[in-house]
Amino acid sequence: MVLKLYGYPTSTCTLRAAVVLKENNVSFELIPVDLAKGEHKAGGFVSHQPFGQVPYIDDDGLILFESRAIARYIATKYALQGNALIPTDGKKLALFEQAASIEAFNYDPFVSGLAWELKFTMWFGGKTDEARVASLRAQLKAKLDAYEVILSKQRYLAGDEATLADLFHLPYGAVLLAPDVNVNEFASRPNVNRWWQEITSRPSWQAVKDGI
């Protein structure tokens, strides 16, 4: 049975799952969920994803949601089909977990917040909170200064090999750099910029970045 990915073709979290499917050469079928019509809140959807959020997958009867959990599952189950994205060596695994935590707590809250204020809130009839934007952007700058230190010593966030932790950054970073948002805090930090150019040039991201 072909793995089914239930999501919106350009949603950040759907893309986070899709890029890992591409990295591991996993055949999948996208089952589009129309967010504008509220399909993610319909009974059939929330029976599988009780929070009413995209995406979730159905892999031969396994229903799994949360994009990072999906990514870890794919990278583990299908590791031999593509790129090794979760280390197995104990020390490297510890550094990977550290890097994954960095993304979750020192990057995502700020980039996702900026994406909401500068793009997504308008989709729902809201208005940008400029004070919040200024605060989030200042915090993001400080976090990326720390990234610059880390990436001055190694190629990727967990060492010299790319892992899921690097790929997790892609969807929201791409939203901020898009012309309609144009918040680029990467370019002024040479090691962060080098890292960003490397991870965005991966064929897996190029295959999904404009939508699945």
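How many aromatic pairs does the structure hold?

1. The structure holds nine aromatic pairs, a pair being rings of Phe, Tyr or Trp (its six-membered ring) with centres within 6.5 Å. The model is predicted: local features need pLDDT of at least 70, side-chain atom pairs count only at pLDDT 80 or more, and totals for chains, interfaces and linings use all residues. Residues are numbered from 1 along each chain as its sequence is written, and side-chain values use heavy atoms, without hydrogens and water.

2. Phe120 and Trp123 are edge-to-face, because their ring centres are 5.1 Å apart and their planes stand at 70 degrees; planes over 60 degrees apart count as edge-to-face, under 30 as stacked and the rest as tilted. Both residues belong to helix α5 (residues 108–123), three residues apart, or about one turn of the helix. Helices here are DSSP runs (H or I, at least four residues), numbered from the N terminus.

3. Phe120 is buried at 16% relative accessibility, whereas Trp123 is exposed at 54%. Buried means under 20% relative accessible area, exposed over 50%, and partly exposed in between (1.4 Å probe, protein chains only).

4. Tyr147 and Trp195 form a tilted pair, with 5.9 Å between centres and 55 degrees between planes. This pair links distant parts of the chain, 48 residues apart: Tyr147 lies in helix α6 (residues 130–151) and Trp195 in helix α9 (residues 190–200). Tyr147 is buried at 2% relative accessible area, and Trp195 is buried at 0%.

5. One aromatic cluster is formed by Tyr107, Tyr147, Phe186, Trp195 and Trp196.

Terms used:
Helix = DSSP H or I, 4+ residues; strand = E, 2+ residues; numbered from the N terminus.
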